Amino acid sequence: MTSVVYGDFNCPFSYLASLRIDALVRDGLDIEFRAVEHAVDVPVVGRRLDDDGRAALAAEMREVRDLLAPGEGFCETVPQTVPNTHAAISGYAEAFGMGVAHEVRRLLFDAYWSGGLDIGSPEVLRSLLASAIKNGASPSFTLREAGYAVSTNRGPITVGAYRRINAWREGWRGLGTETIPVVVDGDDAHIGIDVLTWLAKQLDARASAPHAAA
């Protein structure tokens, strides 16, 4: 059964979740990341952080670093802005349907948290994601040949991706929470920091499994 993690690209807790998902995927676990826009009040052009905003984000980042296991790393620099992630989620939804979701998820998180890029900009995303999108499978010429996964108005290119975004949002809201990240594992759901604990336990379990020691 596939475990599902809901998160957003401008959330530091979701970023650590993404890093742990990568480790689990490399070890063969079937786990799926679904992107949802949790901070809908962020302006389309993003929000430049004032001193209080940077201090609040820095505190969240310290909280994330306190959760790191041996061998894990996390970014140190506090971003200057918080992006509106509508465009990033649009590009990710296209990548999901093309079979390159994991690669694009990594690109989006790293671009913002490590690279300081504006992942709310369609122009930035078209450059950032082009190679990965071209390597995906899609009947759309815009996606397959141009590598454009985001429209100029920050939406997805295909109807399928638009429906996927709506389904993800409805699935997340149907859990009765506005918090991210969230993981759904069978009949169980874990919210917030509990998601990171759950992911860490999966990593520990796989590390101690017989195949890992062989």
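Tutor: Take Ser14. Setting aside neighbours within four places in sequence, Ser14 is in contact with Gly7, Asp8, Phe109, Ile180 and Pro181. This is a predicted model. Ser14 sits in helix H1, which covers residues 12-26. Its relative accessible area is 0%. Buried means under 20%, so Ser14 counts as buried.

Now follow two of those partners. Ile180 and Pro181 both touch Ser14. A cis peptide bond joins Ile180 and Pro181, with omega at about -5°. Pro181 belongs to the loop between helix H7 (159-173) and strand S5 (182-185).

Arg154 lies in the loop between helix H6 (141-146) and H7. Its phi is near 75°, a positive value in a residue other than glycine. Arg154 has a relative accessible area of 21%, so it is partly exposed.

Ser121 and Val183 are 62 residues apart along the chain, and their C-alpha atoms are separated by 28 Å.

Next, the nonpolar interior. Nonpolar side chains tend to be buried together in soluble globular proteins. The largest nonpolar core here has 60 residues. Phe9, Tyr92, Val104, Leu108 and Leu199 have the most contacts inside it. Beyond its neighbours within four places in sequence, Leu199 is in contact with Ala17, Arg20, Ile21, Leu24 and Ile31.

Finally, the whole protein. It has 9 helices and 6 strands. The radius of gyration is 17 Å, close to the 17 Å that the globule rule gives for 214 residues, so the protein is as compact as a globular protein of that length. The C-alpha trace spans about 45 × 45 × 30 Å along its principal axes. Of the 214 residues, 44% count as buried. Among contacts with a separation of 6 or more, 72% come from residues 24 or more positions apart.

The accessible surface comes to about 10,400 Å², and 50% of it belongs to carbon and sulfur atoms. There are 20 positive and 28 negative side chains. The centres of these two sets lie 5 Å apart.

Technical notes. Residues numbered from 1 in each chain as written. Predicted model: local features only at pLDDT ≥ 70, side-chain atom pairs only at ≥ 80, totals over all residues. Heavy atoms only, no water. Helix = DSSP H or I, 4+ residues; strand = E, 2+ residues; numbered from the N terminus. Rg over C-alpha atoms; globule rule 2.2 N^0.38 Å. Buried < 20%, exposed > 50% of the residue type's maximum accessible area, 1.4 Å probe, protein only. Contact = heavy atoms within 4.5 Å. Areas by Shrake-Rupley, 256 points an atom, 1.4 Å probe, with all protein chains shown as cover. Lys, Arg positive; Asp, Glu negative; His and termini not counted. Charge placed at Lys NZ, Arg CZ, Asp CG, Glu CD. Core = buried A, V, L, I, M, F, W, Y, C linked by side-chain atoms within 4.5 Å.
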